[in-house]
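This briefing is for a reader meeting the structure for the first time. It begins with overall features and then turns to single helices and residues.

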Amino acid sequence: MLMTPILQKARTGLMMSAAAAALVLSGVAADAETIRWARVGDALTMDPHSQNEGPTHTLNHHIYETLVGRSLDGSLTPRLATDWGISEEDETVWVFTIREGVKFHDGSDMTVEDVVFSLDRARTPPSGMAALHAAVQEVTAVDDTTVHIRMSGPAPLYVQNLTNTFIMSKAWAEANGVEMAPNFAAGEEAHSVRNTNGTGPYMLVERDPEVRTVLQAFGDHWDDAPAVTEIIYTPISEAATRVAALLSGEVDIVQDVPVQDIARLEQTPGIRVMRGPENRNIFFSYDMASDSLRSSDADGNPFASPEVREAMSLAIDRNAIQQVVMRGESQPSAAPLPPFVNGWTEEMHAFGAPDLERARALMAEAGHADGFSVQLDCPNDRYLNDESICQALVGMMAQIGIRVDLNAQTRSLHFPLIENWETDFYLLGWGVPTFDSQYVFDFLVHTREGSYGAFNGSRYSNPELDAKIESLATMTDLEARDAIIAEIWDTVMEERIFLNVHNQVLAYAMRDGINLDVHPENQPRMTTVSFD
Amino acid sequence: MLTWGPGFTMIAFILRRIVQSVMVMLTVALVAFALFRFVGDPIASMVGQETTLAERAELREVLGLNDPFAIQFGRFVARAATGDFGISYRLQQPVMELILSRLPATLELALVSGVLAFVFGVGFGVYTALRRGNWISGSVMTASLIGVSLPTFLIGVLLIWVFAVELQWLPSFGRGETVYIGDWWRTGLLTESGRASLILPAITLGLYQMTLIMRLVRAEMLEVLRTDYIKFARARGLSNRAVNFGHALKNTLVPVITITGLQMGSIIAFSIITETVFQWPGVGALFIRSVQFVDVPVMAAYLMLIALVFVIINLIVDLLYYAVDPRLRVDRANARH
């Protein structure tokens, strides 16, 4: 009776959750542990496929489960699939062995039918996950424990795209009219936006969007029972308030700790801060291909000149940005990808001290001894201290005669500039959810055409490189593939398409006695919490 | 004309005001809509980074964002007239439902801070008027100057640090436990944690209004206390209490009540900052999040709601003036002859 799934509208949630809480307290009082968890924003929806967005996935990972999971070091772990691999007969088919004995929160058994249904739902627009499954042709259940996914060609890394694709109940979706992911244009709220039925370690007992979400441990979960039996998730958007709530003991874990507060929190008795690298690097890039720049007084396009790009790389002082702007909370690097991504090398990462003399000489060599002016477009609410990073760069570029006019604005104005090729020089941050370099090449390096190059704001276009990038998608010999990746990186680094600044570092602050490691995708799992 | 009795001119006046109010609402909608074009592209926040440019263009088409301004505006007005403000881009819930579910939080906060501002404003105002030169009055006046010059954001953070972090008397964020009155009104006033959560935001939001009322009451009191009828009242040997409160205060309250009423609109409209600092789940915080996400349907509905609040308050005030001031009626009646 204790574990009867409670799925109801947030409106009636309060009384029900009080009842559920009472049950839990009386039932398993001995080891009941509640974690009050705060972060800057709420999940946008509880629908498992509607939005491909970090905070939404983070919360949903507690309620729903994926076929494969992502561990703290970035490797894949079994979740609802116990085993997976490319079919021996047909290299375009992925074979997944589905875990047996898994129950949904409503008590029904999970079957391969649910897996097929969920993957089909996730890959059909208006699902926000569709782009990750664009190469899927057909999903079929072969027997009671095996699912085949047929791709349009060999797709050796497709399994990496499944770490945020959740499995839901087919019967539940049909009963509630949510066979498809909710559509923005539909004009009405779908049942799955505030109600759930997953197989995850926690059940949703109260959902009050942007106020409070309460999760309770699911007793029939297939895995070991987690130490945390109840999660109270509260978004607190204001940084000062978020930190105050932790200091006053009103929350136990704060996920988005402002950079300027990390050092102070570490010195506060009773509070500890956990740090780890985030899967996101911050870089500048520029229009390398146009004949002239829209915001510059220079003749022609100075960014087209390799000397100018080299001069810029010699003028940027990454360590100064780390110490002054980031207060030590970043990993300076010249490599435009996070260190745990396949293809990263120590060589790409290394950078020397700024050499202004050489940089000025290069500027003169390129015919810009007197410098030039250009506008730098920068978001001011997207990455950690994004605007300050740009401000720091303005000073550094001034030293070699590049007069940068900073245009910092909100993200909804910034990103369309890159999308529409309306910026000469911009800041962008990039995460690699597949943990493989191909993702970077597809979106940032390949010529913009079709599904390629959506964030290629440099207008860089190299048919030879494009062919290599396209070949990566279907190469099953991983060693040969890694060699091609290295070749592509050689060109990218040589051409200086990116002026990388650093990798972001994540910090979680929590009450003493709680252990929660930083997740590289910033998706902390409360199942991994342990208590001292 | 004899058939034009006072009742008829009253109705004509109200009708005219209502037509004017509708015009105001339409103007607000137009200005708001024109501004949305500068807020940015909603698509960027609605889709994941893997979405192709073609898919983005398609979503933009489906949402009607490519249509000419006039068509978008016309569609919005036509739907808004039937109470349909669409679905939130961000939370995927109907906008009206979303706003109605957040409104009680804002109204309760506004009401409590309005009452606090009025009670303490009048109290301090009377005290500082009667005890001029006394050191308590001096310090109250100085404190009020600080209260009026510090930004709301800073006051909120300051209160959180003192009362939530250092003293740990009051919660630093949220609304505490809430219960339903009727079908949709969620109140925090009936639970202990709800009332405790209300104190800091209410002070933060009401401080400016309190200072304003206090200074107004003080100035009016000083004015009235100098008048002849107060001197006569004292000469007749009435008690200080009767003079100060029965005669002086009573005569200062008319403008104070007008100002307080008008300020209620501002309290509701400007609760945005207070709600953000205290993570108060009201419409102001909803609006800020919507601006960050470029959630156009919610922004549009919120601005219409605030315009409606101001229009209604002004309408009531106008009607009250009309009822109170006979000259308005006479002038209009004369003008028609």
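Among contacts in chain A between residues at least 6 apart in sequence, 70% join residues that are at least 24 apart. The model is predicted.

**Chain A as a whole**

- Chain A contains 15 helices and 21 strands.
- Its radius of gyration is 25 Å, close to the 24 Å that the globule rule gives for 532 residues, so chain A is as compact as a globular protein of that length.
- The C-alpha trace of chain A spans about 80 × 60 × 45 Å along its principal axes.
- Of the 532 residues in chain A, 50% are buried.

**Where chain B meets chain A**

- Contacts between the two chains involve 41 residues of chain B and 39 residues of chain A.
- At least two residues of the side of chain B that touches chain A come from each of these helices of chain B: H2 (42-46), H3 (53-62), H7 (152-166), H11 (271-277) and H12 (283-293).
- H7(B) gives the largest share of that side, with five residues.
- Sorted by class, the side of chain B that touches chain A holds 22 nonpolar, 15 polar and four charged residues.

**Domains and an open helix of chain B**

- Chain B is divided into domain 1, residues 13-81, and domain 2, residues 96-284.
- Taken over C-alpha atoms, the centres of domain 1 and domain 2 of chain B are 36 Å apart.
- Helix H9 of chain B covers residues 228-235, and the number buried among its eight residues is zero, so this helix lies largely in the open.
- B:Gly237 follows H9(B) and has a positive phi, near 85 degrees.

- Helix H8 of chain A runs over residues 318-325, and A:Arg318, A:Ile321 and A:Val325 are buried in it.
- These residues are on the same side of H8(A), because they cover an arc of only 70 degrees around the axis.
- In general, an α-helix has 3.6 residues a turn, so residues three or four places apart point the same way.
- Strand S15 (330-332), helix H11 (386-398) and strand S19 (498-511) of chain A are what the buried residues of H8(A) pack against.
- A:Arg327 sits in the loop between H8 and S15 of chain A, and its phi is positive, near 50 degrees, in a residue other than glycine.
- A:Arg327 counts as partly exposed because it has 14 C-beta neighbours inside 10 Å.

- A:Arg481 belongs to helix H15 of chain A, residues 478-495.
- This arginine, A:Arg481, counts as buried because it has 22 C-beta neighbours inside 10 Å, where 20 or more are needed.
- Apart from neighbours within four places in sequence, A:Arg481 is in contact with A:Leu472 and A:Met475.
- A:His349 is 132 residues from A:Arg481 along the chain, and their C-alpha atoms are separated by 21 Å.

**Backbone exceptions**

- Most residues other than glycine have a negative phi, and most peptide bonds are trans.
- A:Pro125 and A:Pro126 are joined by a cis peptide bond, with omega about 10 degrees.
- A:Pro126 is in the loop between helix H3 (112-123) and strand S7 (136-143) of chain A.
- B:Val294, a residue other than glycine, has a positive phi near 55 degrees.
- The loop between H12 and helix H13 (296-324) of chain B holds B:Val294, which is buried, with 23 other C-beta atoms within 10 Å.

Notes: Residues are numbered from 1 along each chain as its sequence is written. Chains are lettered from A and ligands numbered from 1 in the order in which they are written. This is a predicted model: local features need pLDDT of at least 70, side-chain atom pairs count only at pLDDT 80 or more; totals for chains, interfaces and linings use all residues. Two residues are in contact if their C-beta atoms, placed from the backbone, lie within 7 Å. Helices (H or I, at least four residues) and strands (E, at least two) are DSSP runs, numbered from the N terminus. Ala, Val, Leu, Ile, Met, Phe, Trp, Tyr, Cys and Pro count as nonpolar, Asp, Glu, Lys and Arg as charged, and the others, Gly among them, as polar. A residue is buried if 20 or more other C-beta atoms lie within 10 Å of its own, exposed if 12 or fewer, and partly exposed in between; C-beta atoms are placed from the backbone. The arc is that of the directions from the helix axis to the C-beta atoms. The radius of gyration is taken over C-alpha atoms; the globule rule is 2.2 Å times the number of residues to the power 0.38. Domain bounds come from an automatic or database domain assignment.
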